[in-house]
Amino acid sequence: MSSSQRAECSHGFFKQYISRRNSLMDFIIRFERALSHQRQKELVANHVDAFEAAQCILPMPMNKQMATLYTSTMFQKFEQELIQSTACFLELKTEDASKVVFNVSERKNWETRVAEVVYVKDSDHASCSCKRFEFVGIICKHILALFRRDQIEYMPDKYILNRWKKTAKSGLVSDANGNEIKDSDPGLLIKRSTMSRLASYVVEDALMCEERCELLSETLKSLRVKLKLLKDGPSNNEVGGSSSQTQYMKDPKRVRCNGGSKRVTGAKEKAMKRGIRHCRECGHIGHDRRQCPRNLNTPTSPSNNDESTPIDLSDPLFDEFYRMHGPTQ
């Protein structure tokens with residue numbers, strides 16, 4: 001089966017730091033920050049596994065055994081399976097010369113769930129229909145219930161995967177021909193793991209003898225002084241190597257896509273592009289010819305309806321009007 005679960009987990013992790021609105025430089029900075037936080041969490045987890053003992057809830061030999069082998073995170077998952085196995089009940093279904101089949105029932109949320117556990121006698125191997133061991137790599141509660149029934153106190157080695165052990169990183173990675181694969185630019189975690197493993201071997205060799213302990217202490221003190229001198233010297237470089245010249249990266253130039261239409265500009269923006277307009281009447285800016293103060297201050301001719309205009313009564317038209325209608329006041 002092919003699944004996109006691995007990619008979806010990566011997307012969900014990086015979405016906490018990266019957005020589609022980030023520029024190219026912001027993306028690189030946030031990407032490095034996300035990886036730095038992830039590496040820091042892994043270093044903290046490695047420190048917990050190396051120097052802190054896991055607390056066992058159940059005082060069982062198998063639980064104590066897995067606490068010393070598994071990492072802290074995986075031991076918590078295993079312990080939950082071990083606790084839930086105490087609520088499982090086994091019922092023999094079939095048995096023949098080669099295998100034994102059990103029905104393992106569990107009461108959860110007022111519902112009974114049944115799983116089938118098959119134990120093969122020849123290979124001394126147990127498998128469950130829930131397929132948790134094949135999918136996650138940890139023995140499920142149904143098989144643990146079978147171990148509890150058969151009074152198996154310690155977990156067989158075939159059910160303990162090396163990838164979930166505390167010593168998973170201490171081994172060497174080999175290719176198909178058995179040759180060790182070396183990284184040309186090892187990271188911080190690989191360097192830390194290699195040096196920690198080497199230091200633990202040296203301490204174990206010198207621990208049982210007082211003379212060797214004194215020799216190791218003097219050697220470490222002198223080595224620490226030399227490392228401090230190298231650190232404070234002019235040839236100080238960051239872990240992983242870095243160039244003395246700082247390179248700056250800029251955002252790429254934006255290129256218009258082929259076939260894209262031009263942006264529609266408004267009348268106001270067009271007027272701003274044409275420049276500042278001047279009044280044709282007075283030559284000043286800020287108004288046009290219709291709003292020019294020079295035209296507004298020009299006196300206009302009086303209208304015929306103006307009451308203040310004097311009437312000439314000596315006009316011959318008024319004599320004709322008086323003969324027809326008589327004199328008026």
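This is a predicted model: local features need pLDDT of at least 70, side-chain atom pairs count only at pLDDT 80 or more; totals for chains, interfaces and linings use all residues.
Biologist: What makes residues of H3 count as buried?

Modeller: Buried means under 20% relative accessible area. In H3, residues 61–69, Met62, Asn63, Gln65, Met66 and Ala67 are buried.

Biologist: Why is H6 called largely enclosed by the rest of the structure?

Modeller: Seven of its nine residues are buried, so H6 is largely enclosed. Those residues are Lys141, His142, Ile143, Leu144, Ala145, Leu146 and Phe147.

Biologist: What covers the buried residues of H6?

Modeller: The cover includes H3, H4 and the strands E1 (88–95), E2 (99–108), E3 (111–120) and E4 (125–128). After H6 comes Gln151, with a positive phi near 60°.

Biologist: How many of the chain's residues are buried, as a percentage?

Modeller: Buried residues are 17% of the 329 in the chain. The chain has 11 helices and four strands. It exposes about 27,700 Å², and carbon and sulfur atoms supply 54% of that area.

Biologist: Why are E1 and E2 called paired?

Modeller: Pairing takes at least two bridges between two strands. E1 and E2 are joined by seven, and they run antiparallel. Therefore E1 and E2 pair. In one of these places, Thr94 stands opposite Val101 in E2. The two strands form a hairpin, with three residues between them.

Biologist: How do you know that E2 and E3 pair?

Modeller: The cut-off is again at least two bridges. E2 and E3 have 10 between them and run antiparallel. So E2 and E3 pair. Lys99 has Val120 in E3 as its bridge partner. In this hairpin two residues lie between the strands, and Asn109 takes a positive phi near 55°.

Biologist: How do you know that Cys130 is in no disulfide?

Modeller: A search of the whole structure finds zero disulfides. For Cys130, the nearest cysteine sulfur belongs to Cys128, at 3.4 Å. A disulfide needs the two sulfur atoms within 2.5 Å.

Biologist: Why is Cys130 called partly exposed?

Modeller: Partly exposed lies between the two limits, under 20% for buried and over 50% for exposed. Cys130 has a relative accessible area of 36%, so it is partly exposed.

Biologist: And what makes Cys56 partly exposed?

Modeller: Its relative accessible area is 31%, so Cys56 is partly exposed.

Technical notes. Residues are numbered from 1 along each chain as its sequence is written. Side-chain values use heavy atoms; hydrogens and water are left out. Buried means under 20% relative accessible area, exposed over 50%, partly exposed in between (1.4 Å probe, protein chains only). Accessible areas come from the Shrake-Rupley method with a 1.4 Å probe; for residues, only the protein chains shown count as cover. Contact means heavy atoms within 4.5 Å.
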